[in-house]
Amino acid sequence: KYKNTKSFFSGGTSGNVTYSTRNWLGQRSDTVIESGNGSITTLKSIDDDLILWTNDSGISIFSITNRNKVLHIPLPSDFPRAEMYWPKIYTNHFNKIIIGWVNHIWFLSLRIEGFNESIIEDSTHGFDRNSSKGRQNNGDTNSVDDTVSEYSYTDSIIKSPSKAMSSILNNASSNFRANMTNVKNIVIENHFILEDTLISGISELDKDNVMVLNFIPPRKDKVTNKRIFERPELKIIDKHTFEEVAIDEVSIAGFEGLGVNDYHLEAINEGKWLLVSANDSIIVEQLTTKDRYDWFINEGKYYAAWSMSENWLSRFDRLDTGIRQLDKYVSLDQWDQAANFLTQVLKLDSNCKYNLNFIKRIIDEWNNWILIFTKSDKSEYIVDLIPCHNFNSFINFEEEENNSEAVSYTHLRAHETRRH
């Protein structure tokens, strides 16, 4: 935009947010939007009219055409030193704004509505150099008048007209743009705090989940007293329950010695993100269902892998996954959990039919686990859970070449199960 407007915003350690432009004579003129609230840690353009910045006072969104703040979110009283942590901001083409700062996440929504004549006033107001409020002397530094409005969390909807924007949407990917009679509403949809998280990057994953890059502070080795650095983590957080859906360690080089402000996460297209550090950059791709399953297996989270694979994993592979969780329960001496989970893993659905090999496997597993519980003197956990049904009723005989063999085998093995 600078090529056309010859104007820009700037901010830094001085604590000033400054709007710089050139008048019709080509002379630069600066207008101080805000000052005296600590270093500016973020300065970002939301659209053609709205500018977002952060400092010690909190999060501010400013309307260029109205020359006032349309939203101010103060920081909580127990918030750490703001200048030590740079907030991470994500915007998409659906007017959503996500702000991650330390371990806080705010969800904002920018809504554009139709003409509202009652709040549209003088269309020449704003940074019009010919207006009484916008006129500036060449070379002077001016401050915006003190009628700046600030809003807290209780101000869920703040209306601000956009009067100097294009009257037609220029393209489909710029949904933030509105015509000159539109009214903008900024809605604080949600705010929550993540435990054991230090946000070093943030992005929307899908309509239900947000992706957070978690920086793990270094710890000191008790023996050598040296700092030990760990790789950052990518966390998938449910927007509605705030629960951690998945977590994965980031394989990025040169993470040693880096801090929370040395990373940046940026969406580049659907299903792909660019993760940049001071020493490296990698492409992050969205996991498929199979990727998530493999991740759970590699992390030893067999119950989660078993639970999410019901409708797509083969019966044999899912059974193997459940058995691994049973082994884990036994290794932890959690016999009650193992017994209850055993009935889920080896359960046969009366509405389904199974091939003979799978039925054999189920019966073999029952035999095996009854023996394990008995030898470990834990039979009291399983004695009332042993099935008494006829396994023949679950067999799809149309798929079996030797029906008589199937009948005799399943009856024999079922009775053997009861004898242990």
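## Strands S8 and S9

Strand S9, which covers residues 96-101, is mostly covered, since 5 of its 6 residues are buried. This description, like the rest of the report, concerns a predicted model. Strand S9 is joined to strand S8, made up of residues 88-91, by 4 bridges, and the two strands run antiparallel. Within this pairing, a reader can look for Tyr90, which stands opposite Ile98 in S9. As a general point to keep in mind when looking at any such strand, side chains in a regular strand alternate between the two faces of the sheet.

## An open sheet of four strands

Elsewhere in the model, 4 strands form an open sheet, and their order is S4-S5-S6-S7, with antiparallel pairing. The edges of this sheet are strand S4 (42-45) and strand S7 (68-74), each of which pairs on one side only. From one strand to the next, the twist averages 15°.

Inside this order, strand S5 (residues 50-55) and strand S6 (residues 58-63) run antiparallel and are joined by 6 bridges.

## Glu266 in strand S20

Glu266 is found in strand S20, which spans residues 263-269.

When its neighbours within four places in sequence are left aside, Glu266 is in contact with Trp273 and Leu274. Glu266 and Ile202 are 64 residues apart in sequence, while their C-alpha atoms are 8.0 Å apart in space.

## Helix H6 and its two ends

Helix H6 consists of 20 residues, numbered 356-375, and from its first C-alpha to its last it reaches 29 Å, which is close to the 28 Å expected at 1.5 Å a residue. The buried residues of H6 include Trp366 and Trp369, together with Phe358 and Phe373. Also among them are Leu356, Ile359, Ile362, Ile363 and Ile370, as well as Glu365 and Asn367.

At the start of H6, a side-chain oxygen of Asn355 reaches to within 3.2 Å of the backbone nitrogen of Asn357. Just after H6, Asp377 takes a positive phi of about 60°.

How values were computed:
Residues are numbered from 1 along each chain as its sequence is written. This is a predicted model: local features need pLDDT of at least 70, side-chain atom pairs count only at pLDDT 80 or more; totals for chains, interfaces and linings use all residues. Side-chain values use heavy atoms; hydrogens and water are left out. The expected span of a helix is 1.5 Å times one less than its number of residues. Buried means under 20% relative accessible area, exposed over 50%, partly exposed in between (1.4 Å probe, protein chains only). A polar contact is a pair of N or O atoms within 3.5 Å; within protein, one must be able to donate a hydrogen and the other to accept it, and residues adjacent in sequence count only if both atoms are side-chain atoms. Two strands pair if DSSP finds at least two bridges between them. Contact means heavy atoms within 4.5 Å. Axes are lines fitted to C-alpha atoms, for helices over the stretch in contact, and angles run from 0 to 180 degrees between N-to-C directions.
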